[in-house]
Amino acid sequence: MNDRNILVVAHARREDTVIAARRVIAALREAGARPVLAPEDREELAGVDPGFAGVDVLGAALSVEDLELAIVLGGDGTILRAAELVRGGRAPVLGINMGHVGFLAEIERDDMDEAVARIISRDYEVEERLTLSVRVKDAAGDVVYETWALNEATVEKASRERMIEVVVEIDGRPLSTFGCDGMVVSTPTGSTAYNFSAGGPVIWPGVEAMAVVPLSAHALFARPLVVAADAPVAIELLERNDGTGILWCDGRRSHELPRGARVIVRRSSRSVRLARLHPSPFTDRLVRKFQLSVEGWRGAP
């Protein structure tokens, strides 16, 4: 079997993404690598261009352990989907931004050809990113759901009209009880996503920590917290809640939470690997992605 199996993650909803997928697949084949598509992507792309029907598909004959790398054509949502596809293997993910902010993406679409050339030459670095292990227990203490997250795990109210009442536990000790719209537990990678919108802190990727951020909490002590990466965070829906809650992980996987449910979030033993072509300080990425003004700075160039 060809040992240079490169997963291409793209969808057919935008014409420029289809064109980019065609170019990347052609370049990989020309270099002697084997392009691979996820089953749903191949079906979607082949519906637009029958030429995609000839691309090998990820499945029983070709598993995630056989992948060398994943090239993602899209924004952060597509990169999150790619991280889900390659979980269980060692393939790093390289994002080519076809969206807007694209905070997880490594490069913009204009540099696509250079990116493919460097992938073929194995000219990139790999950055390990902390992920979350998420477990849900019912009121009886039985585990009813398990999943993971790269960005964040969020416990939210299921009904727009009602807040939820929760008790928050950090490192096995109760912290506070309050009513709120929800709770966000974020990784450093996710600190510029939902956590950022909720008023949580931006955490540099090299910091091993998690952010715990209440959403519209009715309490005096309801500030964003930064806790140690090895400190488990538990959020319990109190039995006196009128309605139910819902757990969302990376905005992709959800599970309904009845009254009395307990959500335990802890550091996962399995990281996500991001391929980097242009390693640079995280500060520069913040400035570039958020278009921050640095006028007047007199530091070294």
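**Exercise 1. The packing of α1 and α4**

Task: Describe how helix α1 (residues 15-30) and helix α4 (residues 112-120) pack, giving the angle and how far apart their axes are.

Solution. Step 1: the two helices pack at an angle of about 30°, and their axes are 10 Å apart. The model is a predicted one.

Step 1: angles under 35 degrees count as roughly parallel. Therefore α1 and α4 are roughly parallel to each other.

Step 2: the handedness of the α1 and α4 crossing is right-handed.

Step 3: on the α1 side, the residues that meet α4 are Ala-20, Arg-23, Val-24, Ala-27 and Leu-28. Their partners in α4 are Met-112, Asp-113, Val-116 and Ile-120. Sorted by type, the residues of this contact give 7 nonpolar, no polar and 2 charged.

**Exercise 2. Helix α4 and the residue after it**

Task: List the buried residues of α4, name elements that cover them, and describe Arg-122, just after the helix.

Solution. Step 1: Met-112, Ala-115, Val-116, Arg-118, Ile-119 and Ile-120 are the buried residues of α4.

Step 1: the cover over these buried residues includes α1, together with the strands β1 (5-9), β4 (67-74), β5 and β6.

Step 2: Ala-117 also lies in α4. With 43% relative accessibility, Ala-117 counts as partly exposed. Ala-117 and Ala-31 are 86 residues apart in sequence, but their C-alpha atoms are 8.6 Å apart in space.

Step 3: just after α4, Arg-122 takes a positive phi of about 55°, although Arg-122 is not a glycine. Arg-122 sits in the loop between α4 and β7 (125-129). At 47% relative accessibility, Arg-122 counts as partly exposed.

**Exercise 3. Another positive phi**

Task: State the phi of Asp-171 and the loop in which Asp-171 lies.

Solution. Step 1: the phi of Asp-171 is near 55°, which is positive in a residue other than glycine.

Step 1: Asp-171 belongs to the loop between β11 (164-170) and β12 (173-180).

**Exercise 4. The buried face of α6**

Task: Which residues of helix α6 (residues 282-290) are buried, and why do they line one face of the helix?

Solution. Step 1: the buried residues of α6 are Phe-282, Arg-285, Leu-286 and Lys-289.

Step 1: seen down the axis of α6, these buried residues fall within an arc of 100°, so they line one face of the helix.

Step 2: among the elements covering the buried residues of α6 are β5 (93-97), β6 (107-108) and β20 (272-276).

Step 3: Gln-291 follows α6 and has a positive phi, near 50°.

Key
Residues are numbered from 1 along each chain as its sequence is written. This is a predicted model: local features need pLDDT of at least 70, side-chain atom pairs count only at pLDDT 80 or more; totals for chains, interfaces and linings use all residues. Side-chain values use heavy atoms; hydrogens and water are left out. Buried means under 20% relative accessible area, exposed over 50%, partly exposed in between (1.4 Å probe, protein chains only). Helices (H or I, at least four residues) and strands (E, at least two) are DSSP runs, numbered from the N terminus. The arc is that of the directions from the helix axis to the C-beta atoms. Contact means heavy atoms within 4.5 Å. Axes are lines fitted to C-alpha atoms, for helices over the stretch in contact, and angles run from 0 to 180 degrees between N-to-C directions. Angles under 35 degrees count as roughly parallel, over 145 as roughly antiparallel, 65 to 115 as roughly perpendicular and the rest as oblique. A crossing is left-handed if the near helix is turned anticlockwise from the far one by less than a right angle, and right-handed if clockwise. Ala, Val, Leu, Ile, Met, Phe, Trp, Tyr, Cys and Pro count as nonpolar, Asp, Glu, Lys and Arg as charged, and the others, Gly among them, as polar.
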